[in-house]
Structure formats: structure tokens, C-alpha cells
Amino acid sequence: MYHKEKSIQIKNSASALYNNLSVLRIAPRRLTYFTVVHANVVNMVSASWDGLNYSHRQLQSKEPNVATSTSLIMQVAFCVLPSRDLLVVTSQKGIQIYESDGSIMVYWHALDTSDAPTAQAVFARGISAVWDNYICVGVSSGAILVFDVPSKGSNITLSEVLEEHKEPITDIASECSGSQECIADLVSADDGGNLCVWKSGKEFQLLNKIPGFDMSCSSVKLWKGIVVAGYGTGQIHLFEAVTGILHAEVNAHARWIYSLDIAPFSGLLLSAAEDSLVRVWHLTVTPETNSVEVAHLHNECVTDTQICGAKFCDGDGYAFAVTGYDLSEIIRYTQL
Amino acid sequence: MSVKTLPLVFINLGGEMLYILDQRLRATSTSEDNSEKVMNDIVGTLFSKTFMDELLKPQQLYSHRTLKTVLTRLAHASIMRLNPASMDRLYELTIMAFKYQVFRCPRPKDLLLISYSHIDTIRELVKDTSVVVNQVDETHRKIIEVYSSLSEGEFQLLRQTLLIFFQDMHVRVSLFLKNQIQNPDGRFALPTSGPVPHGIVVPGLIRVFDSKGREVRRSEFPAGGSYSSPVREGSFELHGDRVISLGMNMYVLGGTVHSMFSLQQTYGTPNPLAKEELNLLACLIGSLKAENMPRAEYGFRINLFTTDQEEEEEADGTSDGAEESMFGVINIQAMQDEQSAAELARITGQFAEEEEQHENPSGNKGDDLLAMMDDL
């Protein structure tokens with residue numbers, strides 16, 4: 001179904017972090033951006049669609065104007081809003097927001113370490129754009145910071161802090177940005193496997209809480225009102241977001257899942273884990289019968305590699321890219 | 001990231017170091033008295049209450065440079081002496097062994113089982129000296145107390161912190177290559193077969209439910225590997241069968257500590273938190289009281305690694321960078337303090353130099369440390 005393409009070499013190897021690959025497709029310029037985290041550095045590659053031009057950039061996580069304060073980065077993600085695309089970098093020190101090409105930092109938010117008990121690690125992790133103008137970022141305390149983003153400029157403000165989770169946030173996902181109207185448009189996951197479903201707005205509304213089973217949910221996606229969650233047990237659960245009904249359970253992997261992605265136009269689902277396997281599935285949602293179907297389509301094995309990031313490169317799932325711990329390349333696959 | 005890595009780092013790296021030293025002491029027919037003394041001194045220091053208490057304080061993982069300095073100091077808590085080249089190689093071996101264990105750890109929580117395996121073997125190595133065994137037991141209990149309540153997510157964060165620390169290190173170790181757990185390019189093997197970790201289900205099943213939670217359909221898919229059901233869970237108690245083999249002594253099974261090295265690593269940029277680390281280092285070293293130091297008037301040299309390369313170099317008269325001959329006989333009392341102080345002075349000098357580029361140091365951090373060293 002898919003065959004391997006030429007890999008993209010990156011300057012450093014990927015770190016073993018959840019969801020360690022972000023992809024931004026820029027159709028008008030026939031380019032795709034990829035970002036991969038290596039310790040305290042973001043490796044950014046811009047690849048032209050004809051495969052001839054690659055340019056690299058590295059971003060460090062640090063406070064503006066302070067020379068020595070680099071810290072370990074937990075996650076990097078592109079946030080696509082109707083008016084603009086931004087790049088968000090979350091680390092032990094705080095949250096940085098850049099223009100999508102990584103050229104200018106437009107916002108810095110320092111994490112408040114004062115009221116965290118010193119025995120716990122402090123960091124930000126979990127990034128998603130939602131609706132027209134919000135970017136949500138999770139924190140190790142379980143809080144979710146909601147930033148209000150203007151259509152241009154750097155006047156980004158902290159609009160709200162959502163405090164429902166009690167454990168570190170692992171991942172956040174959204175659907176229905178911009179035009180579509182959805183009942184639920186945001187889902188957040190934590191280290192205990194608990195999921196919260198939200199409706200965005202001036203004040204975010206908690207629509208549902210789906211309890212976990214003491215196992216980390218490392219990656220989560222939202223599509224057609226279905227929450228798709230990947231766990232440390234290697235399982236994938238599909239829930240109806242608003243009711244919490246479990247539609248399907250897949251014993252997908254033999255090790256901890258590190259990344260999930262959905263191609264929204266085709267319903268293809270990508271899962272990747274520490275067991276060195278990437279799997280492609282097909283989801284079908286039938287609203288009339290309130291049922292969900294999961295079909296397995298394809299496997300790829302990245303020999304001897306614990307995979308840490310896997311993303312579709314386009315909305316149809318025609319191509320996907322993969323990163324692995326200690327691997328200095330982005331492996332690509334396209335449909336035959 | 002995780003602020004709880006240090007105790008496990010030292011137990012596991014210290015354990016690997018002891019496995020290698022034990023094997024080399026046997027191989028070089030060192031007297032039993034001397035061997036026992038070396039083991040007791042190192043284990044006694046590693047598992048001393050003051051040392052462990054310092055490590056148990058929540059803090060970030062050290063840089064490679066600092067870690068190696070402390071491990072060197074640990075090794076030299078005995079009457080044995082290792083020259084810098086030997087210490088470098090010992091460090092690389094122990095790091096690669098631990099990297100393998102962390103990489104292949106079935107569940108993040110099994111990091112504890114690996115640590116307990118190391119403690120089990122260490123206990124065996126010092127079993128004839130009850131004072132030291134008691135220290136090991138006490139520390140083991142403390143570790144159980146502190147780590148048993150951590151969630152799987154926290155263990156995974158700990159594991160991820162360690163994996164970042166080991167990133168890009170692909171030193172080839174001949175024992176690993178021989179057993180095919182490492183590939184010729186230095187990467188570790190990750191089979192898609194064997195038992196799945198405890199608590200994980202063999203992949204291959206899709207189950208669909210109705211709105212009342214009843215299963216309405218199940219289907220299978222090709223998992224692309226040959227997995228089998230999990231084996232029983234290892235024991236997290238003070239004593240017990242750990243079940244997983246990671247963390248056990250690979251060197252007693254006939255493997256020799258003969259390594260081929262291809263250096264492809266960096267220890268990263270100087271750590272801006274060097275000052276903090278040095279303070280901790282001073283505390284740790286301060287905890288090695290003078291009375292714990294051996295009174296022996298003679299030490300002994302140990303041929304840690306005999307490689308073809310070394311033998312050639314000895315024959316050629318070229319040295320591996322060490323200023324003296326490869327394995328010189330060293331008088332303990334005189335050299336110990338000079339060596340340690342000199343080494344630390346060099347390191348503090350380096351840190352002080354780098355600090356000056358970034359901020360204004362007090363300038364006498366190095367002096368304080370040296371003064372403390374003189375007291376030992």
C-alpha cells in the first residue's frame with residue numbers, strides 16, 4: 001500500500017519524546033516543513049515537493065535575552081489557525097511561539113515554578129490550535145493554558161487556565177477549526193490516561209471527562225466527534241467524545257504508543273510505537289447507527305528503532321513521515 | 001525533565017562498573033583479600049547513607065563530565081587505581097550497558113527491576129562483610145520506599161530523560177556484538193518477537209462495542225511480528241526473582257571485557273548549571289570521610305583492559321595520551337590526594353573559565369573545593 005521514499009537527513013537525532021514530529025504543508029509554495037526535537041534543540045527542515053531543495057534551521061529553547069538558559073524541549077508543533085500558522089515550542093522553562101518558518105519568536109511565556117512541589121518535574125507539553133484564535137498548551141501540573149492569538153502581530157495573551165487534569169498533560173488535539181461547527185472541538189489527555197473533552201470559546205466548557213485506567217495516554221486525536229487515544233499498553237481506544245462511550249478497542253502494539261495521527265479527509269489513522277512498528281488503519285464513522293469501524297490496512301517496520309513520531313504529510317494520508325529515537329533522519333512513505 | 005534519575009543512575013552504572021571490576025580482578029588473579037577490599041570499599045561508599053541521601057534530593061541529571069568525575073572518585077574510594085584512559089573506557093562500557101538496559105526495558109517500571117537486579121548482584125559481591133550488606137539493604141529499602149509509588153507515566157519520563165542522556169552514543173562493545181544485541185553500526189537490536197511485557201496484550205485484535213458496552217464484533221489483523229504472552233511479573237521486594245534478565249551480570253557467563261571502541265560521541269556543551277553540580281560534587285566528596293579512606297601503605301595496579309591496540313602501543317612506546325606509562329605502580333597515600341585535587345582543580349578550572357564567559361562568578365569556587373579536598 002505504501003512504499004519507502006528517500007529519507008530526509010536531519011542535523012541531530014530525534015529524542016525519545018511523545019509525538020516527536022510535526023508537519024506543515026504549504027501548498028502555495030510547494031513546500032513541507034518538518035520539525036523534530038533533539039534534547040534542547042528543534043531541527044527544522046523545509047523540503048520542496050520536487051525533492052530537490054532542502055533547507056535546515058535549528059531553534060534553541062531559551063528565554064529571550066538570557067544566554068545560558070537552554071532547557072530540554074518536550075514537544076514542538078505547528079498550529080494552523082485561519083489567519084496564520086505558528087510554531088509552538090514547549091520546554092522545561094516555558095512556551096515559545098514562533099512564526100511558522102521559525103524565523104522570529106513572537107511570544108514567550110515562562111512557566112511558574114514557584115508553586116510546584118520541588119519533588120516534581122516542571123514542564124509544558126501538549127500543544128493544539130483550536131477554533132479561530134486559540135492555542136492550548138498543557139503543563140506538568142495538569143493545567144491547560146489557553147492563549148488568545150490575534151490574526152497578526154505578537155499581542156498574544158493568556159486568556160484562561162483550565163484546571164481539570166491532576167496529572168501531567170501528555171497531548172492535546174482539536175478538530176473543526178474555522179468554518180465547521182462542532183459540539184466538541186478539543187480533547188486533552190494526561191499521564192493517568194484521563195481524557196477531557198472541551199468546547200472552545202471565550203470561556204472553555206468542559207463537556208465530558210473520560211477516566212483513564214492508570215496508564216498514560218501518550219497521544220490523542222479528535223475526528224468526527226470520536227476521540228482516538230493511544231496508551232502505554234500499546235492499545236488504541238475509540239470513544240464517542242461527548243458521551244464517553246467506548247466504540248472500539250485495538251490491541252495495536254506490543255509496546256508503548258508514542259504517536260497517533262489522522263488524515264481528516266480519508267479517515268486514515270496512523271499509529272507508531274516503541275515496538276518499531278508503524279500501522280495504518282481506516283476509520284469509518286456512521287452517525288446514523290452511531291457506530292465506528294476500524295480496519296487494519298498496512299504495517300511498516302523500522303528495524304531496531306523505537307519510533308517517537310509519525311505524521312501524515314497531507315490531509316488524505318497519501319504520504320506519511322516517521323522519526324525514531326537516535327535516528328538522524330525523517331523516513332518517508334508514499335502510497336503506491 | 002525527571003528530577004528522580006540520580007539514585008537509579010548510580011545504582012545501575014555503579015553496578016555495571018562493579019561487574020566489570022569483579023571480572024577483571026578475577027581474570028588478573030588479584031588476591032582475594034585485595035579483591036574483597038576493593039569491592040567493600042566501593043560498595044560501602046556507593047551505598048552510604050550520606051551519598052544516597054544527596055542523590056535522592058530532587059534534581060536534574062548531571063552532565064557526562066560530572067557523572068564521570070563522581071564515578072572515578074567512587075572507583076578510587078578503594079585501594080585500586082585506574083589511569084584516565086582506563087577510566088574513560090570503563091565509563092563508556094558502563095554507559096553502553098545501561099543504555100542497552102534502558103532501551104530494551106519492557107515497561108518503564110521495569111527500570112526498578114533492573115536496578116534491583118544490580119543491587120542483588122552487588123549484595124552477592126560483598127556478602128562476607130555484614131556491615132556493607134546492611135548498608136546495601138538499607139539503601140534498597142529506601143529506594144523501594146521512594147520509587148514504588150511512582151506512576152508508569154513518571155517512570156517513562158525518567159526513562160526518556162535517561163535516553164536523552166545516552167543519545168547518539170554508539171560505542172561498539174565486543175561482548176554485545178558477539179551476543180548480537182548490538183549491530184555493527186553500534187545500534188541496539190530490537191526484536192519484534194518474544195513475550196510482550198507484563199500488562200500488555202499481544203497485538204492483533206480489534207474489538208467493537210455497542211452503546212451498552214457489549215462486544216458486537218471482533219476481528220484480527222496481522223501484527224507483523226511473532227509475539228507471545230507475557231511471562232510472570234518480577235518481584236519488586238527486597239529479595240525475589242526479578243525475572244527479566246536485564247541488569248544481571250553478563251560478564252560471568254564467559255564474556256570477556258575486551259572492547260573495541262569506535263568513539264562517536266560528544267559529552268555535550270558545558271553545562272550552565274556547572275556551579276550547582278560542583279556544589280553537589282563537593283558535598284558528595286565531603287561525604288567520603290577521611291576515616292573511610294584505606295590505610296594500606298601499598299596499592300596495586302590493575303590491568304583493566306588489555307587490547308591489541310594497547311599492547312601495540314606499549315611495544316611502540318607510544319602512549320594513549322597519559323603522561324606516564326600505561327599502568328604505573330602508584331603509591332596510594334601520596335598520589336591519591338594530589339591526583340584527586342589536581343583532577344578536580346582541572347575541572348573546576350574549566351568550569352570557572354566557562355562561567356566567566358556567561359556571568360560573574362565569585363571566582364573562588366575552585367578554591368573552596370580544593371580546600372575541602374585538602375581536608376580529606
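The paragraphs below take up a sheet and then an interface.

This is a predicted model, in which local features need pLDDT of at least 70 and side-chain atom pairs count only at pLDDT 80 or more, while totals for chains, interfaces and linings use all residues. Residues are numbered from 1 along each chain as its sequence is written, chains are lettered from A in the order in which they are written, and side-chain values use heavy atoms, with hydrogens and water left out.

In chain A, four strands form an open antiparallel sheet in the order S23-S24-S25-S26, where strands are DSSP runs (E, at least two residues) numbered from the N terminus and two of them pair if DSSP finds at least two bridges between them. Strand S23 (257-263) and strand S26 (291-301) of chain A are the edges, each pairing on one side only. Within the sheet, strand S24 (residues 268-273) of chain A pairs with strand S25 (residues 277-286) of chain A over five bridges, and A:Leu269 has A:Trp281 in S25(A) as its bridge partner.

Chain A also meets chain B: 55 residues of chain A are in contact (heavy atoms within 4.5 Å) with 52 residues of chain B. Four salt bridges are counted between chain A and chain B, each a side-chain nitrogen of Lys or Arg within 4 Å of a carboxyl oxygen of Asp or Glu. B:Arg159 forms a salt bridge with A:Glu274, with the closest N and O atoms 2.6 Å apart. Strand pairing crosses between the chains too, as S22(A) and strand S3 (residues 205-209) of chain B pair in the antiparallel sense over three bridges, with A:Val250 opposite B:Ile206 in S3(B).
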